[in-house]
Amino acid sequence: MPDTDASLVADPSVLFEHPEYHAHEQIVFCHDRATGLKAIIGIHDTTLGPALGGTRMWNYASDAEALRDVLRLSRGMTYKAAISGLGLGGGKAVIIGDSRKEKSPEMMEAFGRYVDGLSGRYITAEDVGIDPQDMIAVGRQTRHVTGIPEEMGGSGDPSPVTAYGVYQGIQAAAAFHWGNASLKDKRILVQGVGHVGETLVRYLTEADAEVLVSDIHADRLELMKDTYGARIVEVDRVYETPMDIYSPCALGATLNDASISSLRCSVIAGAANNQLAEEEKHGHMLMKKGITYAPDFLVNAGGLINVYSEIASYDRKEIMSRTEEIRRTTYEVLERSAREGVPAQNIAKKIAEERIHSMRSSKAGSN
Ligand code: NAD
């Protein structure tokens with residue numbers, strides 16, 4: 001889902017000077033007249049391997065908003081793959097439009113032809129608004145696709161593994177903040193109970209946490225209440241609600257000036273990409289407030305680990321053990337953050353960048 005702060009959307013006429021452009025390798029603008037496809041593919045960095053990242057379909061308010069989203073998301077994928085030790089670079093695609101009304105198999109096939117034109121530099125998968133069925137249509141035009149249904153030999157929906165990874169990250173953050181990973185009786189608010197949020201609610205309920213949920217769709221809330229006994233919080237009451245842990249699993253950029261000033265929690269760990277509206281500023285604000293923040297691209301890497309199994313040919317057991325590693329890495333990042341007095345997001349980025357730089361140097365050395 002895109003970040004919602006319209007004031008941060010830059011002039012669409014600039015690209016190389018765009019505030020979210022960080023030496024991206026390639027940006028591809030795709031338009032197919034016959035199907036109405038309008039998409040942007042962002043390839044941020046391929047030092048560690050082909051750029052793998054999902055395709056998001058969203059009804060963006062403007063092309064500029066779509067561009068900003070793909071620039072931020074593709075960069076985040078570079079960090080996510082690097083810190084997770086995967087042989088992948090960072091990329092992402094966005095399709096502009098309402099997925100419930102405008103998406104068609106023909107449109108997804110047209111998108112697949114653009115992906116194919118990149119000859120494997122970019123490999124796609126699902127993101128918000130896109131499901132495994134869409135990946136089947138994409139797969140009719142290119143082999144550079146993951147997230148194919150399990151019955152067709154793919155790794156299926158990555159969301160449950162993402163939720164498992166977030167659960168690991170939450171426990172690590174709890175262990176760091178309170179000296180104990182137990183979530184028993186901790187009040188945890190899950191914002192957004194879609195594919196990832198729902199599975200996370202199940203894990204938290206099983207861990208005897210007091211689970212609060214918020215969503216813009218009433219049917220999702222009722223389901224969470226009936227199935228897990230979760231307490232519902234109105235969408236505009238989230239940031240003023242007293243809680244131990246805030247878990248953003250819907251939108252990006254929910255951590256901004258206004259929300260951080262209001263938030264009454266000790267720990268933040270969730271699935272949403274790009275939670276910090278402005279990384280530097282808001283990372284420091286959280287630290288100053290004494291809130292333990294588990295970096296988003298670190299704790300939500302389970303889905304990427306899952307789709308990477310289709311390329312690296314590892315099994316479910318390895319998917320789960322690699323996802324469990326998120327817990328140890330998160331704890332280490334939080335410890336180093338406290339030791340060095342630097343926000344955890346910066347530490348996680350530094351670790352990811354170090355891995356990329358050392359690969360770059362060894363490639364340069366072998367030339
Ligand atoms: P989803 O579309 O299935 O679920 C998102 C939910 O958030 C929906 O139920 C939606 O109604 C709700 N929502 C939207 N706006 C909201 C608001 N203002 N307040 C509360 N709820 C709101 O998406 P998902 O696959 O569950 O992904 C959730 C987030 O995690 C996204 O940001 C996604 O990019 C990120 N993520 C997902 C995966 C994955 O494997 N699916 C992997 C990594 C990161």
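**A strand, its sheet and the ligand shell**

Modeller: Strands S8 and S9 run parallel, and two bridges join them. Strands here are DSSP runs (E, at least two residues), helices likewise (H or I, at least four), both numbered from the N terminus. Two strands pair if DSSP finds at least two bridges between them. This is a predicted model, so local features need pLDDT of at least 70 and side-chain atom pairs 80 or more, while totals for chains, interfaces and linings use all residues. Residues are numbered from 1 along each chain as its sequence is written, and side-chain values use heavy atoms, without hydrogens or water.

Start with S8. It covers residues 210–214, and four of its five residues are buried (under 20% relative accessible area with a 1.4 Å probe, protein chains only; over 50% is exposed, in between is partly exposed).

Now widen the view. S8 belongs to an open sheet of six strands, with parallel pairing and the order S9-S8-S7-S10-S11-S12. S9 (231–232) and S12 (292–293) are the edges: each has a single partner strand, so one side of each has no neighbour in the sheet.

Next, the ligand. Its shell has 25 residues, and Arg56, Thr162, His195, Val196 and Asp215 are the closest. A residue joins such a shell if one of its heavy atoms lies within 4 Å. By class, 11 are nonpolar, 10 polar and four charged. Domain 1 (6–73 + 89–156) and domain 2 (160–353) each give at least three residues to the shell; these bounds come from an automatic or database assignment.

Look at the atoms. A side-chain N or O of His195 is 2.6 Å from a ligand oxygen. For Asn273, the distance from a side-chain N or O to a ligand oxygen is 2.9 Å. A ligand nitrogen lies 3.2 Å from a polar side-chain atom of Ser159. Alone, the ligand exposes 830 Å², and the protein buries 88% of that. Helices H4 (159–178) and H5 (195–206) are the elements that give two or more residues to this shell.

Last, Arg56. It sits in strand S4 (residues 55–58). Its relative accessible area is 2%, so Arg56 counts as buried. Its side chain makes a polar contact with that of Asp127, at 2.6 Å. Such a contact is an N or O pair within 3.5 Å; within protein, one atom must be able to donate a hydrogen and the other to accept it, and sequence neighbours count only if both are side-chain atoms.

Key. Accessible areas come from the Shrake-Rupley method with a 1.4 Å probe; for residues, only the protein chains shown count as cover. Ala, Val, Leu, Ile, Met, Phe, Trp, Tyr, Cys and Pro count as nonpolar, Asp, Glu, Lys and Arg as charged, and the others, Gly among them, as polar.
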